[in-house]
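Student: Walk me through this one, please. Start wherever you like, and keep it brisk.

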Amino acid sequence: MRLRRIDLKLVRLPLVRPFRTSSSVKDHLAHIVLRVEADDGLVGWGECASPSDPYYCPETTETCWHILRDFLGPLVLGKDWETIDELTSFYRLVKGNTFAKAGLEMACCDLLARSQGVSLSSFLGGVRPRIASGVSLGIEDDTASLLDTIERHLSAGYKRIKLKIGPGRDVEVVREVRRVYPDLLLQVDANSAYTLRDIDLLRRLDEFDLLLIEQPLAHDDIIDHATLQAALRTPVCLDESIHSADDARKALDLGACRVINIKVSRVGGLMEARRIHDVCFNRGVPVWCGGMHEFGIGRAANVAVCSLPGFLLPGDVSGSDKYYLQDLVDPPVLARDGYVPVPSSPGLGHEPIPDLIVANTRREITLDA
Ligand SMILES: O=C(O)CCC(=O)N[C@@H](C(=O)O)c1ccccc1
């Protein structure tokens, strides 16, 4: 396989409703959509689901654009490769920049799967014809509106609710949700809002039978998380701290967590996502797929990853309609009764709609071999 052309497209889509986290409120998202073309004319699609700000991770849409245009693109164009590991070896000297890498690697996985006539799920070793989905809820103004939002998503069939928590909106909010929904699959995401000084407060969350507490401490820590996990009954789940299978192995060896959130973008692509899955699966550690508000392209890649056997907990892979009025792909990625079907057609199984992509592209560049 050899790439003769890579198109980078900065695509912007309005959100159906603003999404609030501890660091920002967003009413639209802009992600880089990648189109890669092989010498034989075959095409693959990928998405860099990086935030536009450096509050979740050090990368932003602009850093991804720079790294893809100036390094990753030139390093892979015109070179022969037969496997994804061969492809990614061309940029092994590039440190970090996993969101940028993930977009390119995803497009090449789509391309290779299409060339082999297999679905991305089969390409990865997926075993499920459909995946169970949960939803991640942004921070709401008050508990009443949060309960309304929960009710709306449970009525739609979603299997799990993830709440954002932070100092001042944690124990009491979770207590109220648990009072109204005693049997709900419920988890919380702190996005590194706490420190070990909050250990007694976090221990109070043990009474609510949560599935997990996600990334309570620093985004780049596994040592303090091990201290915290030893004090909690509730499983700690790591998100931001885990960028590779080696990170996962070290975190599990240290007892820093009992669950890992695998995000294709955060770990640099589908192959590393599968390697992290394998480390966890071999140790009986459940994983789930976190979301980054992906458009339909990245969302379809997440669906394929969720079909791997160790993805035992509902992920954030909701239907696109949770965030976008119109998906960029046909068919759209949709959930029915909280399940998203895993396509069996070649590649992503959801075809990008060129007119929609063109209509929402704010900037583009073509890199040639
Ligand atoms: O449903 C989704 O795709 C969003 C899931 C979600 O809440 N992601 C959070 C997170 O902290 O994991 C996030 C998204 C975008 C940017 C930063 C954080």
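Tutor: Take D39 to begin. With 35% relative accessibility, D39 counts as partly exposed, meaning between buried (under 20% relative accessible area) and exposed (over 50%), with a 1.4 Å probe and protein chains only. This is a predicted model, in which local features need pLDDT of at least 70, side-chain atom pairs count only at pLDDT 80 or more, and totals for chains, interfaces and linings use all residues. Residues are numbered from 1 along each chain as its sequence is written, and side-chain values use heavy atoms, with hydrogens and water left out.

Student: Where's the place of D39?

Tutor: In the loop between β2 (25-38) and β3 (43-48). Helices (H or I, at least four residues) and strands (E, at least two) are DSSP runs, numbered from the N terminus.

Student: And how far apart are the C-alpha atoms of D39 and A369?

Tutor: 9.8 Å, although 330 residues along the chain separate D39 from A369.

Student: Switching to aromatics. How many aromatic pairs are there?

Tutor: The whole structure holds 4. Rings of Phe, Tyr and Trp (its six-membered ring) pair if their centres lie within 6.5 Å; planes under 30 degrees apart are stacked, over 60 edge-to-face, and the rest tilted.

Student: F19 and Y323: buried or exposed?

Tutor: F19 is buried at 8% relative accessibility. Y323 is buried at 7%.

Student: What about F295 and Y324?

Tutor: They make another edge-to-face pair, 5.2 Å centre to centre with 80° between the planes. F295 sits in the loop between β11 (287-289) and α11, and Y324 in the loop between α11 and β12, so the pair ties together parts 29 residues apart in sequence. F295 and Y324 are buried.

Student: Which residues form the aromatic cluster?

Tutor: F19, F295, Y323 and Y324 form one cluster.

Student: Which arginines lie over ring faces?

Tutor: R160 lies over the face of W288, 5.0 Å from the ring centre. R363 lies over W65, at 4.7 Å. The test is NZ of Lys or CZ of Arg within 6 Å of the ring centre and within 35 degrees of the ring normal.

Student: Now the sheet. What's the strand order?

Tutor: It is an open sheet of 7 strands, β5-β6-β7-β8-β9-β10-β11, with parallel pairing. β5 (135-137) and β11 stand at the edges with a single partner strand each, so one side of each has no neighbour in the sheet. Strands count as paired if DSSP finds at least two bridges between them.

Student: How many bridges join β5 to β6?

Tutor: There are 3, in parallel. V135 has I161 as its bridge partner in β6.

Student: And β6 to β7?

Tutor: 4 bridges join β6 (residues 161-164) to β7, again parallel. K162 stands opposite Q187 in β7.

Student: Which way do the side chains of β6 point?

Tutor: I161 and L163 go one way, K162 and K164 the other, and all are buried. In β7 (residues 186-189), L186 and V188 lie on one side, Q187 and D189 on the other, and all are buried too. V188 stands opposite I213 in β8.

Student: Which helix goes with β5 and β6?

Tutor: α5: together they make a right-handed β-α-β unit. Right-handed means that, with the strands pointing away from the viewer, the path from the first strand over the helix to the second runs clockwise. β6, α6 (residues 171-180) and β7 make a right-handed unit as well.

Student: Which residues of α5 are buried?

Tutor: L146, L147, T149, I150 and H153. They cover an arc of only 160° around the axis, which puts them on the same side of α5; the arc is taken from the directions from the helix axis to the C-beta atoms. On the other side, D148 and S155 are exposed.
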